[in-house]
Amino acid sequence: MNRTLITATLLFWLILVPAAFGDNLPSPTPRRGGILQLAQPSDIRSLDPAIAFDSFSIPMVHLMFRGLLDYDDGTGLVPDQAKDWNISPDGKTYTFHLRAGTRFASGREVEAEDYICAFERILSPKLASPGETYFLAIAGAREFVDGKAAHVSGLRAPDKSTLVIELKEPQFTFRYVLAMTFACPVPREAVQKYGADFSSHLVGSGPYRLTEWRRGISCRLRRNPYYSGPDGYVDGVDLMIGCDDTVMTMMLERGELDQVPLASPAQAARFKRDPALRSWLTLADAAETDYFFMNTEMKPFDDVRVRQAVNYAIDRDRLVKLSGGFAVVAHGVVPPVIPWNNPGLPRYDFNPDRARALLREAGFPSGFKTELWYSGDQPIYARLAQGIQQDLREVGIEIELRPANLTAFDQKVTTRHSAPCGVWGWFQDYPDPSDFLDVLLNGERITDVECNNQAFYNNPEVNRSLDAAGNSLDAGERMRLFQQAEDQVMRDAPWAPLVHERIPVLYNPRVHGTAPHPVWLWRYEYMWLDP
Amino acid sequence: MLNRMLTRLFWSAVTLVAVAVLTFFLINAVPGDVARSIAGSKASTEVLQQVREKYHLNDPLPVRLGHYLAQLARGDLGHSYLTDQSVASAILTRFPTTAALCVSGVILWMLVAVPLGVLTAKFRGTWFDRAILVLSTLSLSLPAFWLARMLQYWLAFRLGWFPVAGFRSFASLLLPAATLAIISGGYYILLIQANMMDVLNAPFAVTARAKGASEITILFRHALRNALIPVVTVLGTDVAALLGGVIFTENVFALPGIGTLAVQSVFNLDVPMIMGTVLFSATLVVSVNFVVDLLYRWIDPRIKADY
Amino acid sequence: MADTVIDPTGVDFPPAGSRGTGPAVFRHRLVRVGAAIVILLALFALAAPELTRRHVLREPIQQDPKGLDADGLPLPAGGGYLLGTDNLGRDVLARVIYGARVSLTIGTAAMLLAVFLGLTIGVTAGYYGGKLDLALMRFTEINLSVPAILLAIAFAGLMDGRTVHPLPAAWHWQFLDFQLQRGMVSLFLIIGFVCWPGLVRVIRAQVLALREREFVQAARALGASDARVIAGHILPNILPTVLVLGAVNIANTILLEAGLSYLGIGVPPPAPTWGGMISDGQPYFITAPLNVIAPGVAIVLAVLAFNLIGRGLQETLDPRLNR
């Protein structure tokens with residue numbers, strides 16, 4: 001998942017190692033009641049589950065909407081509003097039996113047709129949903145999107161509480177798609193009644209429902225009286241929109257706020273150092289990678305020696321220090337937090353002399369000049385870019401920094417033959433290596449515009465491994481193929497992976513139950529407040 | 001009088017339309033892929049194409065201007081590219097906050113500036129007068145965002161006398177209003193001072209003194225009223241500057257007003273929202289000028305028309 | 001921010017040809033104080049690269065790994081860093097001094113542009129009068145209706161690196177293309193362009209008054225061309241006003257530049273700008289307050305200095321306010 005339009009993203013879809021700085025006190029008894037006071041710097045783009053795909057919208061959507069599957073306390077998938085499920089041996093047919101008594105916030109019981117309605121909404125061309133690509137794997141989806149069919153043939157509801165999904169081809173990662181907020185049901189009569197206006201009359205089957213939303217200003221959620229799962233402890237959340245990190249921290253300390261979701265290293269370091277404040281800080285190891293990509297189709301980055309030189313020239317430990325210690329060095333593409341490992345991965349240690357030697361070999365004894373593009377809205381990238389600029393200057397590479405706002409940056413680096421290099425980050429959409437390797441480095445996915453492979457890296461061997469892994473259903477075989485692919489990628493060095501971030505989250509001591517969750521990061525419905 | 005008013009009204013409307021046209025050209029003339037910012041960075045090519053058609057992004061500029069003006073004539077300011085919210089409703093929701101802030105700020109500085117201005121005129125030439133002059137100039141020189149941060153940190157965070165940010169109660173407006181007051185106030189002290197000087201030496205004041213009226217009466221009954229006239233005028237034209245200070249103040253104190261809307265929409269390249277806020281502030285400025293113009297003529301009919 | 005403290009009807013004109021305002025101006029205490037501050041700042045700004053070369057001053061953009069403490073936080077004042085370091089380990093004092101280069105340059109350039117535009121339009125409107133005057137003043141009023149900072153933000157926000165083809169797309173002449181990038185040039189152009197409307201009214205009022213004076217009437221009666229009258233009589237006599245306007249205007253342009261840098265749309269990093277330093281330093285305010293206080297004080301000093309000069313000039317030139 002790309003960093004989205006909004007600055008300073010809230011982390012989401014994470015895998016989390018139990019934090020060193022967690023809530024260490026013996027927890028008092030959970031207490032019902034109270035309203036969580038939350039804030040975030042940027043506006044919610046949409047609360048419609050078919051549209052919300054950024055880290056400022058999804059937390060609220062997840063409170064309002066639930067679906068077939070969810071994650072347990074870790075990265076395992078468990079049925080949520082489905083009673084049970086199974087996949088056919090050929091991997092193409094998924095059958096779900098819905099749990100009885102699951103209701104929307106309007107009171108009506110959820111039926112299989114409501115899921116079909118939700119999926120077809122996402123595929124409907126009118127809505128322009130960013131989740132469309134995930135559902136194209138369903139048989140008949142393409143025909144539906146192209147307008148050749150009125151319904152998606154691969155979606156069937158044999159009865160009210162059974163849902164059958166048939167895929168065109170087996171796809172291991174489709175199960176994770178069903179745990180995303182896209183796959184949550186919506187009441188079909190509401191969709192029919194309101195049509196495009198449904199976004200203003202949202203009703204879901206999650207633990208909370210929307211009671212007030214003043215765009216760009218505030219948002220309020222309160223209990224869903226019809227929710228079938230265990231009730232959340234807090235009665236609701238109040239979200240304030242539009243303050244920056246410094247202000248949020250001041251409000252937190254003054255008791256005006258309960259959580260600072262993405263504290264900058266500056267604030268977090270202060271809490272880490274102060275014994276009285278240390279318990280307020282929680283650290284989340286992010287399943288994400290910040291990387292410096294080099295356009296392998298543009299000089300001088302078309303020469304593998306130049307790319308390797310860059311890898312040797314960057315002092316990753318210093319970058320970690322610049323991030324206040326809230327990061328770990330990235331040696332590869334896939335973050336270690338994802339449940340796999342690649343012990344044989346080739347590494348690049350900090351070695352400026354080797355870098356200069358490689359540059360000389362490549363024909364650049366006195367270095368060269370180039371431009372580095374990054375998203376200027378986000379301070380982490382500014383820090384990384386300036387850090388890299390200095391390191392590369394030491395080996396003779398003169399970097400001109402090009403900060404751009406997110407949209408312009410996105411457009412620049414995803415267009416072919418446009419940006420020579422840049423800094424970017426990628427968060428997981430789901431806990432699988434394909435989300436990194438296949439999405440970002442598969443040469444067959446290269447397009448002339450809107451290309452996620454910003455290095456325009458194309459190695460047919462790697463492509464083959466990745467495609468094979470995509471089609472395989474054997475966990476062991478997939479891991480082997482991904483390891484092969486990652487090894488080759490590191491040798492070819494289209495990227496210089498930089499760091500994996502550790503996200504500081506601050507909580508006011510009156511909040512309990514703040515133990516982090518591997519994928520959702522925090523689950524508000526499990527938190528409770530002091531009286 | 002009515003004739004004059006109608007002419008003024010007409011020209012105000014023309015001004016607004018001109019502002020709309022000029023801003024539209026300046027902001028839209030530069031090509032950039034707005035479709036991406038609307039649809040989100042993950043959108044596929046087909047989705048982007050649909051978005052481009054929906055917002056007429058492929059049409060030539062004059063055609064788009066035509067669409068926009070027609071839209072304006074219907075009273076529709078368009079919808080945000082980002083959240084699909086109606087621009088008009090976004091602005092109207094936030095206007096009360098900005099208005100409350102501005103009014104509080106103006107009241108605050110008037111409470112301070114008027115007495116100070118009067119007193120410095122009375123005590124001209126002394127250290128008091130000089131000190132106020134320097135302090136006023138100093139307050140003019142403070143950057144709004146810096147002052148706002150300092151006040152927020154010391155008075156709200158450290159001492160806890162005020163809420164840190166957000167708009168939860170009337171108390172949330174006090175520090176921001178103080179920031180505005182400090183920044184704008186200095187100018188008015190100087191202005192009042194200058195005008196008081198005139199007035200205190202004017203013939204009618206001399207006469208009044210000769211007739212035995214006390215200094216205080218002269219000061220407050222006659223002089224002040226006359227001295228406030230230019231202040232009212234300048235206040236009108238200064239609305240634009242006031243709105244400028246509001247932008248940073250709202251930003252620092254996270255107040256949900258027009259200022260934060262403007263800054264956010266520029267960063268998001270949310271063109272309809274940018275146009276909406278620019279038009280709205282222009283409307284405000286023009287309306288205030290219009291009202292001030294009327295009042296001015298009413299207060300002092302001797303003042304000749306400007307243009 | 002109100003950009004003029006002068007009431008135009010009060011500024012008196014010396015008889016034509018006299019240059020008697022010279023020495024009187026500099027005897028005014030405010031002008032002396034203001035000028036002293038400005039000269040000091042300018043000297044430091046100019047001398048900065050030389051000082052760095054002689055290792056008296058540190059590099060402003062060098063990220064020194066020793067400049068951060070063990071947690072990666074900025075160092076406080078002392079131990080070789082007179083004002084401490086910033087979030088990337090750079091010397092705050094050096095950055096403040098180099099920041100003066102950015103602010104003073106952009107401020108002056110923008111002021112010159114604004115004054116040039118303001119003079120052109122104001123003198124034309126005031127001198128020729130009639131329909132031209134009406135049209136020009138309407139145009140000015142339109143520009144005045146939008147808050148300067150808002151317009152500046154909108155323009156500066158557009159500077160995201162895209163390329164502009166000023167010629168119609170069908171003509172494939174690329175040589176006139178330019179890139180909209182953030183930098184000193186685009187910034188001073190934006191700020192200057194946004195500031196000129198505020199100057200026009202005052203200049204025009206002056207020109208209107210001057211036009212009716214005897215020596216101007218006489219020159220015209222004698223058949224002098226408009227250009228001669230403007231160049232020879234009008235311009236020299238509005239010089240005092242223009243000086244005051246200019247001084248106060250630099251104060252405003254510096255504030256505008258700081259504001260734009262604060263919002264992140266000023267000169268791009270790693271260039272040291274006062275506004276940018278405040279914005280970068282905010283998260284570290286509690287642990288390293290000098291990061292925010294030092295550049296703030298610098299801004300206040302610079303702006304105050306020019307305001308004092310403006311005020312002092314005004315008092316000298318306006319006999320009513322003279323003490």
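Me: How many of the contacts in chain B with a separation of 6 or more come from residues 24 or more positions apart?
Reply: In this predicted model, such residues account for 73% of the contacts in chain B with a separation of 6 or more.

Me: And what does the secondary structure of chain B come to?
Reply: Chain B has 12 helices and zero strands. From the N terminus on, its elements run α-α-α-α-α-α-α-α-α-α-α-α.

Me: How much of chain B counts as buried?
Reply: Chain B has 307 residues, of which 48% count as buried.

Me: Turning to the contact between chains, how many residues does it take from chain C and from chain B?
Reply: Chain C supplies 43 residues and chain B supplies 42 residues.

Me: Which elements of chain C give two or more residues to the side that touches chain B?
Reply: They are α4 (130-145), α5 (148-158), α9 (226-262) and α11 (290-317) of chain C.

Me: Which one gives the most?
Reply: That is α11(C), with nine residues on the side of chain C that touches chain B.

Me: What is the make-up of that side by class?
Reply: The side of chain C that touches chain B has 31 nonpolar residues, together with six polar and six charged ones.

Me: Now confidence. What pLDDT does chain C average?
Reply: Chain C averages a pLDDT of 79, and 81% of its residues score at least 70.

Me: Where in chain C is the pLDDT below 50?
Reply: Residues 1-21 of chain C fall below 50.

How values were computed
Residues are numbered from 1 along each chain as its sequence is written. Chains are lettered from A and ligands numbered from 1 in the order in which they are written. This is a predicted model: local features need pLDDT of at least 70, side-chain atom pairs count only at pLDDT 80 or more; totals for chains, interfaces and linings use all residues. Two residues are in contact if their C-beta atoms, placed from the backbone, lie within 7 Å. Helices (H or I, at least four residues) and strands (E, at least two) are DSSP runs, numbered from the N terminus. Ala, Val, Leu, Ile, Met, Phe, Trp, Tyr, Cys and Pro count as nonpolar, Asp, Glu, Lys and Arg as charged, and the others, Gly among them, as polar. A residue is buried if 20 or more other C-beta atoms lie within 10 Å of its own, exposed if 12 or fewer, and partly exposed in between; C-beta atoms are placed from the backbone. pLDDT is the predictor's confidence in each residue, from 0 to 100.
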